[in-house]
Amino acid sequence: MCGIVGYVGRSEAAPILLDGLRRLEYRGYDSAGVAIVDGDHIGTRKCAGRIASLAKLMSEKPLSGSYGIGHTRWATHGKVTDENAHPHFDASGKIALIHNGVIENYQALKDQLAVDGDDQFTSETDTEVLAHLIGNIYRQLDGKDSKARLVNAVRAALKQVIGTYGIAVLHSDIPDFMVGARRGSPLVLGVGKDENFLASDVGAIVAYTRDAVYLNDFDVVAVERDKFEISSLAGEIGDRQVSKVEFTAEDIKKGDYPHYMLKEIFEQPATVRDAMRGRLSLEECTAKLGGLNMTPAQLREVGRVVLTGCGTALHAAMVGEYLIEQLANVPTEVEYASEFRHRNTPMTPDTLVFAISQSGETADTLGALRESRRKGYRTLGICNNVASTIARESDGGVYMHAGPEIGVAATKSFTSQLVILTLIGLLLGRMRSLSTAEGSRIIEALEALPKQIEEVLKLSDEIKAIAKKYADVNGVLFFGRQFNFPIALEGALKMKEITYLFAEGHPSAELKHGIIALVRPDLPSVFIAPDDGVFSKNVNNIEQVKARKGPIIALTSGNGAKKLKGIANDIIEIPDVPDCVSPILTVIPLQLLAYHLAVELGRDVDKPRNLAKSVTVE
Ligand code: F6R
């Protein structure tokens, strides 16, 4: 949420900042801006709208200089206007600041600044208050070393802040120098040759350097062209390891696809394979998950599992509940991370908590992880971003290895999460009552998935035709049972996010308890009804909708199509698979349906209205 990029080096900063912002645009895209220092003059350009608008502005009024900062915003405090776009300045106009996060006590800080007569603000943002506070403290500090003075001012200001921040700050009188700091919002230092970078996401700078230092909460970093120094908020100098970024700039290109979302949907045969690569033991008919950092004895002692996350990751957790209970018979609960972190859920000491997050930076999931660890529960992460805060702060976990996910609507990360949860169910199950025969059946089913996903992806044109047919509907209902109930929720979430149509997901049987009142000819119902143990029950519900003239799109397998012919208006046929891996296939046509309908409606698929990838605010 919000993207930050900073540069200090020998090249022109403007193209590097703009390039970084374009790569970060998926993190927030309602306004953008840069500040670049040339000599002792600080130039700024900012405007509401996309990076393309900023680029146009900068081509009309170019900025020169070899150090600067840039920001793409997802509004928290203050409307989407030119004035509220970052960077923001202190009262002297010499200190520029960009910020990702929320300053919760900004009003109290503003009141305090007003006492000093520092009360002229040009925006409605919490960020501008922080810029003024840093400037106010800077002016009061003594010392000839202006670099140390700026770092100390940043530290002193941040000590007064309640809230979250990832920031980059520069001063027009201090050449080739910037300061970064983080608490709760990610910040990475890119280490180059005679140039250094700051970014909220390493993807912004990976085209320039693959050497990175992932900053921790309460780190403050002073960045120069040829060196950097990391210290704590208290001023203690710290040592940090420089790590190699595991992907390249090539990996975050769209290639021939019109949208990242479509590219990522089509990557799923490979990402599903990568999620299980090296993690299956054919001899023992189980999964090998060394990253959990738990001995077999400890795994055997697990008496309860809690799965937590937000949005799509929460839907994966809901499938996980069915999986772990069915395969391992271990009581499993799903908790919204945003609720879990603030309530006192009764848990036994043998509870194992999993925080599921593609980005590994989602504020609520991170909050849930920290709360769970604070209370002494072993807490593991299921993350895609290996350098993320959740990955670093958990007691262990399993990486998705899905590669960067740029489309704002999560797709490939979801199926990777499902594979991993199946592996966890398999591992816990085989230590309990799951037989070798069952274990090997699940392994076979998992190994067959990449090819079956390829089959499902071949349906893209067929699904596109269905999407065209329903382009003028007022909404879509989604229904499923058992493992496919969470898929109904996920199908509805994808539909809402990128088409802006009203969409709801429900367990099929709930239909008659109220939802049936919505059924009408301009509201199609998508039934996820593979030919499994609850197929006939789904057919009953389909008939109920049909009787009330509701159009039906049925997603089915095996003999399902034959039985649904003449009942469903449209039938999407997918391969028949064991019920526990079925969601990994059934979700894909729903991703495609949402995608094609969104394209048909002319929506901005990769940057849907009001959304942003990686929600680092609460
Ligand atoms: C939906 C979507 C969001 C995320 C949610 C959690 O398409 O992208 O609902 O799933 O914000 O994000 P992560 O997995 O990064 O914690």
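In the predicted model, helix α7 passes helix α13 in a right-handed crossing. The two elements, spanning residues 268-276 (α7) and 412-430 (α13), pack at an angle of about 30°, and their axes are 9 Å apart. Because angles under 35 degrees count as roughly parallel, α7 is roughly parallel to α13. On the α7 side, the contact is formed by Gln268, Thr271, Val272, Ala275 and Met276; on the α13 side, Lys412, Thr415, Ser416, Val419, Ile420 and Leu423 take part. By class, the residues of this contact comprise six nonpolar, four polar and one charged.

Helix α13 also packs against helix α9 (residues 311-328), the axes coming within 9 Å and crossing at roughly 20°. Helices α9 and α13 are therefore roughly parallel to each other, and their crossing is right-handed. The contact of α9 with α13 contains 14 nonpolar and seven polar residues, with no charged residues.

At the level of the whole chain, the domain assignment gives domain 1 (3-245), domain 2 (257-456) and domain 3 (459-605). The C-alpha centres of domain 2 and domain 3 are separated by 25 Å. Between these two domains, 33 residues of domain 2 are in contact with 32 residues of domain 3. The area buried between domain 2 and domain 3 amounts to about 2900 Å², with 76% contributed by carbon and sulfur atoms. Of the area that domain 2 buries against domain 3, 23% is supplied by Met261, Tyr322 and Val456, more than by any other three residues.

Two features of the backbone were also identified. A cis peptide bond, with omega of about 0°, joins His86 and Pro87. Pro87 is located in the loop between β4 (67-73) and β5 (88-89). Cys285, although not a glycine, has a positive phi of about 55°. This residue, Cys285, lies in the loop that runs between β16 (280-281) and β17 (286-287).

Key
Residues numbered from 1 in each chain as written. Predicted model: local features only at pLDDT ≥ 70, side-chain atom pairs only at ≥ 80, totals over all residues. Heavy atoms only, no water. Axes fitted to C-alpha atoms, helices over the stretch in contact; angles between N-to-C directions. Helix = DSSP H or I, 4+ residues; strand = E, 2+ residues; numbered from the N terminus. Parallel < 35°, antiparallel > 145°, perpendicular 65-115°, else oblique. Left-handed = near helix turned anticlockwise from the far one by under 90°. Contact = heavy atoms within 4.5 Å. Nonpolar A, V, L, I, M, F, W, Y, C, P; charged D, E, K, R; others polar. Domains from an automatic or database assignment. Buried area = accessible area lost by both parts, 1.4 Å probe.
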